[in-house]
Amino acid sequence: MLPYATAAEAEAALGRGMTAAESLWFRYSAGIPDYVLFWHNILFLFVVFTLAPLPVALLELRAPAAVGPFKLQPKVRLSREEFFRCYRDVMRLFFLVIGPLQLVSYPTVKMVGIHTGLPLPSLGEMAAQLLVYFLVEDYLNYWIHRLLHGEWGYEKIHRVHHEFTAPIGFAAPYAHWAEVLILGIPSFVGPALAPGHMITFWLWIVLRQMEAIETHSGFDFPFSLTKYIPFYGGAEYHDYHHYVGRQSQSNFASVFTYCDYLYGTDRGYRYHKAYQAKMKALGQTEGEKADSNGLSYAKLD
């Protein structure tokens, strides 16, 4: 809650007039407690989990021929019931684990210095902080994900997420409740190291989940803007990890590819890409060499 009763008080404290964005923020947040502003994340996550995967899901269900050329595992077709079951299970996880986790996280967020006051951060400051959040989360997530592919971690926890060997957007948060708790930790480390405004934190949570949905979409659209992000993995990169499944020792990174490259855990994927290029050079199409899932993935570590 802002400590100003009027806009004039806020401007006096700032020593200048408020920007349009700051005026809008003042009008919205002045009378709202900080913990309620933080809990907006619950609404944002619900909207993202529900709506972000929906366009691609509807296209896959209602116009499969139109999007078929871009599907990474074209012979895997999920029914409407399977899509709904995935969403239903994600919503159960959301209301029983993710939502309550957000409710009890506010003291930590407050302690590390995430604030709701004025002035608002500049676009440059927000971009720099978001970059830190993505890099920190990606590095920590890489190692946790890699550990979860050990025998115990996979059997007891991570195998749930890998039930979708051909992932869909709704399956991005589909996981064992323990995995949700464990992988939630890296998401808070970046904001703890470089605390910023609540708006930046909101944006971080939304962008990170939308990225996860995009990489689990099962489609490699050539017009995706994420293709212009340096070292970004994307749907094709992560789809290979799901396809190989339990035996996968490749492509553990959640967002970027630098960790897999530095630690040599992209070897299977690079072999697969080289194999595809060789087949193309020999004049053989993917369809001639595809397996039962319609792909020519080489299942190597």
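**Figure 1. The loop that holds Pro-119.** Pro-119 is placed in the loop between α8 and α9. In this predicted model, the peptide bond that joins Leu-118 to Pro-119 is cis. Its omega angle is about 5°.

**Figure 2. The backbone at Phe-231.** Phe-231 belongs to the loop between α12 (198-215) and α13 (234-244). Although Phe-231 is not a glycine, its phi is positive, at about 65°.

**Figure 3. The two domains of the protein.** The chain is divided into domain 1, residues 1-32, and domain 2, residues 34-282. Taken over C-alpha atoms, the centres of domain 1 and domain 2 are separated by 35 Å. To the contact between them, domain 1 contributes 13 residues and domain 2 contributes twelve residues.

**Figure 4. The area buried between domain 1 and domain 2.** About 990 Å² is buried between the two domains. Carbon and sulfur atoms account for 74% of this area. On the side of domain 1, Glu-22, Trp-25 and Ile-32 together provide 52% of the area buried against domain 2, more than any other three residues.

**Figure 5. Polar contacts and helices where domain 1 touches domain 2.** Which kinds of pair link the domains? Between domain 1 and domain 2 there are four residue pairs in polar contact, counted where both residues have pLDDT 80 or more, and zero salt bridges. The elements that give two or more residues to the side of domain 1 touching domain 2 are α1 (7-14) and α2 (20-29). The largest share of that side, five residues, is supplied by α2. Sorted by class, the side of domain 1 that touches domain 2 comprises ten nonpolar residues, one polar residue and two charged residues.

**Figure 6. The salt bridge of Asp-34 and Lys-110.** The structure as a whole contains eleven salt bridges. In one of them, the side chains of Asp-34 and Lys-110 meet at 2.7 Å, N to O. Asp-34 lies in helix α3 (residues 34-38) and Lys-110 in helix α8 (residues 106-112).

**Figure 7. The aromatic pair of Tyr-139 and Tyr-263.** Across the whole structure, a search finds 26 aromatic pairs. Tyr-139 and Tyr-263 form a tilted aromatic pair, with 6.5 Å from centre to centre and 55° between the planes. Tyr-139 is part of helix α9 (residues 123-148), whereas Tyr-263 lies in the loop between α14 (258-262) and α15 (267-281), so the pair ties together parts that are 124 residues apart in sequence.

Technical notes. Residues numbered from 1 in each chain as written. Predicted model: local features only at pLDDT ≥ 70, side-chain atom pairs only at ≥ 80, totals over all residues. Heavy atoms only, no water. Domains from an automatic or database assignment. Contact = heavy atoms within 4.5 Å. Buried area = accessible area lost by both parts, 1.4 Å probe. Salt bridge = Lys/Arg side-chain N within 4 Å of Asp/Glu carboxyl O. Polar contact = N/O pair within 3.5 Å; in protein donor to acceptor, adjacent residues only side chain to side chain. Helix = DSSP H or I, 4+ residues; strand = E, 2+ residues; numbered from the N terminus. Nonpolar A, V, L, I, M, F, W, Y, C, P; charged D, E, K, R; others polar. Phe/Tyr/Trp six-rings, centres within 6.5 Å; stacked < 30°, edge-to-face > 60°.
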